[in-house]
Amino acid sequence: MVKFLKLEEEVIIIKLNISNFPKGEITQDKLVIGQRADGSDIAIIYHIIKGIENGPTVWLNGAVHGDELNGPYALLKLLKNVDPKKISGTIIITPISNVLAFNGRQKNTPRDLLDLDQQFPGNAKGTISQRISFELFETFGEPASVIIDCHTVGSLYEGKPYTVVKKINDELEEYYQKARHLAYVFGGEYHCSLDFSKNLNEIPGNTSGFLDVQAQLNKKISFMVELGQGGILDSDDVRFSYDGFIRILNELSIINTSQNSHPFSNRIINRRYYLYSDVAGLLTYTVHAGQVVNKGELIAEITSINGEVKQYFAEKNIHIIISRRNAVVETGDRLFFLGEE
């Protein structure tokens, strides 16, 4: 594998001037977005780990959705274990970027019901989600050369850690390929490598508003990591995520560690799609995330309240990226997120 090229040194902007932060220290502060009716701040806590030596600036972002727990825990573990006196460059950590959704224990922002990850680069005069995404992108995205956005699958589903890298267009091929390499270094059950230049629209909503998409459009190296199931803290997924961050930082020469195990997966997903339910009832049989299913195999069975049974079979050889764990199913509900190599 081609060795990852050394990144340019950190970019300095007026709003978050990295050079002003003390070297060899960790600085904690908050980014105030606005206020609640009771006068309290809507604020995002951030941590700046500034190394002694110069180097790249990496932004690690967590909980853009309020039910995503494994990413924040792994980031806090990283914060505890990285010595700023032994690193080169800067690590920006925002463990919880959507504080309103996090406090509401839900995916989307309670005030405007928007998906924060579909609002980038944001709007300084828009709804609260648009203002949050604007401030995040301007404050932390601008000085960073590498951006990793931490997610989990929804709380109704199960999934194993995997990465997602998107190709936006041919002009940004360099950033796409570097992001792919870093995604392999991070590790995962799958590596989803998707061509958005072909108008790929896997899910409803503003897919061009994803943080990693807007980051690449601004010539940043960026990808997503899906870190297990939403709403549940999984110690194995947290440990895997933490190890992945260490591998990334080591690869970028921000830290120097003997850890060199790269859990590269040879399962590269180039096409993904949801399988939706045509009926309602109880999910009485299902295959699980991480499984490989051959064409013709039974993957799900739904039994209606009247006792009628609907079976779903694989139409081709597929990978189960996400499977439904909540047994209550209505017409149009997502059963699986399926992938093809």
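## Close-up views of salt bridges, strands and a helix

**View 1. Lys167, Asp170 and Glu173 belong to one network of salt bridges**. The model is predicted: local features require pLDDT of at least 70, side-chain atom pairs count only at pLDDT 80 or more, and totals for chains, interfaces and linings use all residues. Residues are numbered from 1 along each chain as its sequence is written, and side-chain values rest on heavy atoms, with hydrogens and water left out. A salt bridge is a side-chain nitrogen of Lys or Arg within 4 Å of a carboxyl oxygen of Asp or Glu. In the pair formed by Lys167 and Glu173, the closest N and O atoms are 3.3 Å apart. Lys167 is buried at 15% relative accessibility, whereas Glu173 is partly exposed at 25%; buried denotes under 20% relative accessible area, exposed over 50%, and partly exposed the range in between (1.4 Å probe, protein chains only). The search of the whole structure finds 11 salt bridges.

View 2. Helices (H or I, at least four residues) and strands (E, at least two) are DSSP runs, numbered from the N terminus. An α-helix has 3.6 residues a turn, so residues three or four places apart point the same way. Lys178 is buried, with a relative accessible area of 15%, while Glu174 is partly exposed at 44%.

**View 3. A salt bridge joins Arg271 to Glu340**. Its N to O distance is 2.9 Å. This pair links distant parts of the chain, with Arg271 in strand 11 (residues 271–276) and Glu340 in strand 18 (residues 334–340), 69 residues apart. Arg271 is partly exposed, having a relative accessible area of 43%; Glu340, at 15%, is buried.

**View 4. Four strands form an open sheet in the order 15-14-12-17**. Their pairing is antiparallel. Strand 15 (309–313) and strand 17 (328–329) are the edge strands, each with a single partner, so one side of each has no neighbour in the sheet. Two strands count as paired if DSSP finds at least two bridges between them. Strand 12 (residues 281–286) meets strand 17 in the antiparallel sense over two bridges, and Gly281 has Val329 of strand 17 as its bridge partner.

**View 5. Strand 3 pairs in parallel with strand 4** **and with strand 5**. Seven of the nine residues of strand 3 (residues 53–61) are buried, and the strand is mostly covered. Six bridges connect strand 3 to strand 4 (residues 88–94), and Glu53 has Ser88 in strand 4 as its bridge partner. The chain passes from strand 3 through helix 1 (residues 70–81) to strand 4 in a right-handed β-α-β crossover; right-handed means that, with the strands pointing away from the viewer, the path from the first strand over the helix to the second runs clockwise. Strand 3 and strand 5 (residues 146–153) are joined by four bridges, with Val58 opposite Val146 of strand 5.

**View 6. Helix 3 is largely enclosed by the rest of the structure**. Of its 14 residues, 10 are buried, among them Ile128, Ile132, Leu136, Phe137 and Phe140. The end C-alpha atoms of helix 3 (residues 128–141) are 18 Å apart, which agrees with the 20 Å that its residues should span; the expected span is 1.5 Å times one less than the number of residues.
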